[in-house]
Amino acid sequence: MSVTEPNETLTQQGPDARAWLALAVLTVPIFMVAIDMSVLFLALPSIAADLAPTATQQLWTLHIGDLLSASLVLTAGTLADRIGPRRLLAIGMIAYGSFSLLAAFSPNAETLILARGLIGIAAVTVAPATMVLLRHAFPTDRQLATAVAVFMAAFSGGAAFGPPIGGVLLEHFSWGAIFLANVPVSILVLAAMPLLPAIGTGKGGPIDLLSVGLSLAAIALLVYGLQEMAAAGFAWSYALMIATAVLIGAVFVRRQLKLSEPMFDMRLFANPGFAAALTMLLLFLMALGACYMQFAQYLQSVLGFSPLEAGVLLTIPAALQVASTVLAPRLLDWMRPATAIAGGAVLALAGAIIVLVGMSLPREVASVVLVLGESITSVGGGPIFALSAGIIIASAPVNRTGAASGAQEVAGSLGNALGLAVGGSLAVIVYQASLTVGPDAREAIESVGRAVALAQTLPGAEGRALLKAARHAFTDATYTVYLYAIVLYLGFIAVTLGGLRNVRLDNAPAG
């Protein structure tokens, strides 16, 4: 049985060359957005030297775009359904190029922060608009799953290869080049708009502005509170933010249930496939986000790799995940979605176990085993990301595709934020409990990075002892985080086999 609503019909009976050309066009903006998310870390030293931002301003420069994108994604999904995806994408590309131009020539940190926030708002239009367009260009669930897989692989590719691309730009030009590169890309996408499916505007009245404000406040407070708690540890102010976000979210849900034309149709959750796929995505990203944070630090702080060497090693699992994501829909030729997704989770689980084994091995062998484990997890992530996204989109009525995409983006943002917060808190607790230092090395307890830096300033034997103790404590912390991830993977498998047991992505036209 297909997860698509039986009373919905699409405008085409099958994808042709124009549909594949539209997919090629739509991978361009998401690749650009993904690069922007990952390349700014490389440019930060140059920006700091030029604009002299404070530490707080640097953090806002990094995170304000992502925060606003996550906060407004439900609104963008509704707009894609109401005003039409091509119009929304065109508005987004015009804004993206314009605000990138502003960022490139920012005279001070305040202007750059403003530009980054506006770029984040513009970027939020891409995924919902694209999903609506793909839903109409690829009329069967199986075809849609293939298109969604390619789209998500483009995002993963941009995130993985953004740093090398950014490194080339920063090697030859000033930091503004990473923003200027967005302008011709935006123009290219705008010029290619006629190649995208022409879809009329959806039905419904004006968007409820109070619902927009409630969703923005709830998601922004929740994501920000979780991220800050992950970075700085538990604080009552962050806990209050999270509690307030939950309260505002409850008010938002209550309002949607009362409105005749809600901003977000809560009835989408009545579809078991939709609800299960969102839960799966949340659980998987909670595990993946926590592990990735620890793994990147482990390579540098424990195994002693330089940032460049660690970055090169991390591109291996990233590249494998791109390939796995693209190929994931082929699994549906032999098995149901639940089996394919659960199989991906089993691979992710096996990868996590291999990483645990690798942490007990000598450095020369450990790096190979650790990268192998992360690579296996990344290969398992391909079918999870691709097929769960396909189920989420296919589960919704056609005129609610944008809203479904918005829900998927929110689940992804919350999963990543929760993973960082919970995994980061576990890591800090275990690290600090495992590390015993004298009064002259108390600052080593704050983080393993501080400990490594301090060890380099101490006399020979004392420095080596502190470094060994810090690495041992951080290994314990990383081990705990991976055990936490294993528990989540097991829960993921249970949700998948239970919630998706009757879900299929058929190859027959919807309707």
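**Side-chain contacts**

Mentor: The side chains of Arg-330 and Asp-333 meet in a salt bridge, with 3.2 Å from N to O; the term stands for a side-chain nitrogen of Lys or Arg within 4 Å of a carboxyl oxygen of Asp or Glu. A search of the whole structure finds one such salt bridge. In general, side chains of opposite charge can pair when their charged atoms come close. Arg-330 is exposed at a relative accessible area of 52%, while Asp-333, at 39%, counts as partly exposed; here buried means under 20% relative accessible area, exposed means over 50%, and partly exposed lies in between, with a 1.4 Å probe and protein chains only.

Before going on, please keep in mind that this is a predicted model, in which local features need pLDDT of at least 70 and side-chain atom pairs count only at pLDDT 80 or more, whereas totals for chains, interfaces and linings use all residues. Residues are numbered from 1 along each chain as its sequence is written, and side-chain values use heavy atoms, with hydrogens and water left out.

The next contacts are between aromatic rings. Rings of Phe, Tyr and Trp (for Trp, its six-membered ring) pair if their centres lie within 6.5 Å, and planes under 30 degrees apart count as stacked, over 60 as edge-to-face and the rest as tilted. By this rule the count comes to seven aromatic pairs. One of them joins Trp-20 and Phe-138, which are edge-to-face, at 4.9 Å centre to centre and with 70° between the planes. Trp-20 lies in helix 1 (residues 17-51) and Phe-138 in the loop between helix 5 (126-137) and helix 6 (141-172), so this pair ties together parts that are 118 residues apart in sequence; the helices are DSSP runs of H or I with at least four residues, numbered from the N terminus. The two partners can also be placed by their accessibility: Trp-20 is partly exposed, with a relative accessible area of 40%, whereas Phe-138, at 1%, counts as buried.

Trp-175 and Phe-179 form another edge-to-face pair, with 6.3 Å from centre to centre and 90° between the planes, and both Trp-175 and Phe-179 are buried. Elsewhere, ring pairs link Phe-284, Phe-385, Tyr-489 and Phe-492 into a cluster.

Conventions. Helix = DSSP H or I, 4+ residues; strand = E, 2+ residues; numbered from the N terminus.
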